[in-house]
Amino acid sequence: MAAGETQLYAKVAGKLKGRSTSALLDPLLAMGFPAHTALKALAATGRKTVEEASDWLHCHCDDPSLDDPIPQEYALFLCPTGPLLDKLQEFWRESKRQCARNRAHEVFPHITLCDFFTCEDQKVECLYEALKRAGDRTLGTFPAAVPLVLHSSVSYLGFFVSDSPADIVREFAVMFATEASVLADCTVKPCTKQLHLTLAHKFYPHHQRTLEQLARAVHPGHGCQWTAALYSRDMRFVHYQTLRVLFQYKPQNVDELTLSPGDYIFVDPTQQEEASEGWVIGTSQRTGCRGFLPENYTERASECDTWVKHRTYTFSRALDPSSRKDEASGRRNGEPHVPPMSRSASSLQSLQAAILRRGVLVARHGERVDQVFGKAWLQQSSAPDGKYYRPDLNFPRSLPRRSNGIKDFENDPPLSSCGIFQSRMAGGALLDSGTRITAVFSSPALRCVQTARHILEELKLEKKIKIRVEPGIFEWTKWEIGKATPALMTLEELKEANFNVSMDYRPAFPLASLLPAESYSDYVHRCAVSMDQIVRTCAQDGGVTLIVGHGSALDTCTRPLLGLPPRDCADFSQLVRKVPFLGMCFCEENKEEGKWELVDAPVKTLTHGSNPAFNWRSWAQDS
């Protein structure tokens, strides 16, 4: 061991004489690890056991940042335990299932007592002593019950801590900050603002009512022992996305990461230019190494999944001094000894009794190629040998193969390039909004199936969710050109063209049942019957069902849900003309009142101007 490291170790050991530092550090030094990396390993694993620190060091043997003097970031939280925690965790699960993920799901239920701060690895043990001293000084005055008052706004839902108990909690935070400054030379900023326990944050406004209903099942009066918990995180990856590895992966190239189930990967979304489609660049928490990995081997994890719990202090006067000493000093692996508490038998039932809302999102397909280039688009894109070519960038790059050849596209046109772009933008917006799509239905028209696929691709669900093709929501056949129903692609043709369509779904109306020039009453009846089956099919799915159809579907697929009669045919025709590409209507179920309601769609509308064809020769001649 180098002389400088020997002096550093002696200084730390002297300051913390009688504590666990030497018991943990000495064995690591005896194994040949340098003092600075051994201390780093102990800080990164919560100073629990020699084995954990040793394993960490072996895993990080190729970590390029192993010798960098980068400390951990620490924060102190006041966390509920017992029946109240059970109720909060149930709220977490139900709110995520019914309303998708929001910012509150990134961290466990807690009240923040101080901002994140840094502490040198050799002084971490002093933080534990600071926690114990502050806790002991506050124990006698800490409130037996912390009063929580529910507060709700358009982007926040949570409990506020009010009255004098909040002052006592803040005093505890200030005491910890003072002790940490004296003992560990840390600059800690205690929370002096309104203390709060967040239930939901940055959620979509149309979910507010559902979240409030679920929150009312969480009664602040449930039994609770409050515990102050000290956590740490790697400060380098604070603004990164965290992924959890699902499957094992052995690298095929030297620049790829080895993956094991349960690993966590830190990914910077702004630094993915070098990654190919379906791949990301990330840093493994387990090894510290950076490299490429297949994104579909992972799932999104919560921010706090990679945090390390160091020590806790439980505010219970029933604990004797010796047990509290063990708890704060870390000789019990950082876990508090809380007597087992009975779980309320009715807790789950009360949450299930809360309002369960399903959503149905009806969207028009993207821009169709014949809408831009007219009915002669097929002639414009047909070479003398009959093969397809791309005369304009807004023509699709290629066309799927059809049994009767290219002519079948005449009355069943594909999306234009802009239509594909529109669909992807809508899918990306749905992803950003946190909308949880659980089922997708599509009209059999190619443009609708394409739109559904591109939306699913942006949602990263193209392999998880199959598109259920429902001919019952196809366009009003009276508006289709010709006396025969358009020749639409079969499920086999769609599957051969790499569309992930369901081969098992039994539609309300088979493709062969579509009749040309049907009456308006037959058409709206067809849509109503189809919607009834769709809703019943997805009764157990929860979440949002996406239906991709035609402009008319925004009316004929939502009115049956709302319990409204069909519109007058003339009014219907006028209304449908105003629906833009990717126009959306969103219906949400209100079980309490036994009805569906039309609410704001989870994404904004897409507006853009026209871009006419350009011929530089004619332009130059005119000039």
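Biologist: Is Arg47 buried or exposed?

Modeller: This is a predicted model, in which local features need pLDDT of at least 70 and side-chain atom pairs count only at pLDDT 80 or more, while totals for chains, interfaces and linings use all residues. Residues are numbered from 1 along each chain as its sequence is written, and side-chain values use heavy atoms, with hydrogens and water left out. Buried means under 20% relative accessible area, exposed over 50%, and partly exposed in between (1.4 Å probe, protein chains only). Arg47 has a relative accessible area of 1%, so Arg47 is buried.

Biologist: With which residue does the side chain of Arg47 meet in a salt bridge?

Modeller: Side chains of opposite charge can pair when their charged atoms come close. A salt bridge is a side-chain nitrogen of Lys or Arg within 4 Å of a carboxyl oxygen of Asp or Glu. The partner of Arg47 is Glu125, at 3.5 Å from N to O. Glu125 belongs to helix H6 (residues 124-138), whereas Arg47 is in the loop between helix H3 (35-44) and helix H4 (50-59), 78 residues apart. Helices here are DSSP runs (H or I, at least four residues), numbered from the N terminus. Glu125 is buried as well, with a relative accessible area of 4%.

Biologist: Which parts does the pair of Glu179 and Arg133 tie together?

Modeller: The side chains of these two residues form a salt bridge at 3.6 Å, N to O. Glu179 lies in helix H7 and Arg133 in helix H6, so the pair ties together parts 46 residues apart in sequence. Glu179 is buried at 11% relative accessible area, but Arg133 is partly exposed at 33%. Salt bridges that share partners also join Glu73, Arg103, Arg233 and Glu303 into one network.

Biologist: How many salt bridges are there by this rule?

Modeller: The count comes to 29.

Biologist: Which residues touch the most other members of the largest nonpolar core?

Modeller: In soluble globular proteins, nonpolar side chains tend to be buried together. A nonpolar core is a set of buried Ala, Val, Leu, Ile, Met, Phe, Trp, Tyr and Cys residues joined through side-chain atoms within 4.5 Å. Of the 57 residues in the largest one, those with the most such contacts are Leu76, Phe91, Leu127, Phe176, Leu199 and Trp226. Helix H7 (residues 163-184) gives the most to this core, with ten residues. Another core, of 42 residues, lies apart from it and includes Leu399, Ala426, Phe586 and Val603.

Conventions: Helix = DSSP H or I, 4+ residues; strand = E, 2+ residues; numbered from the N terminus.
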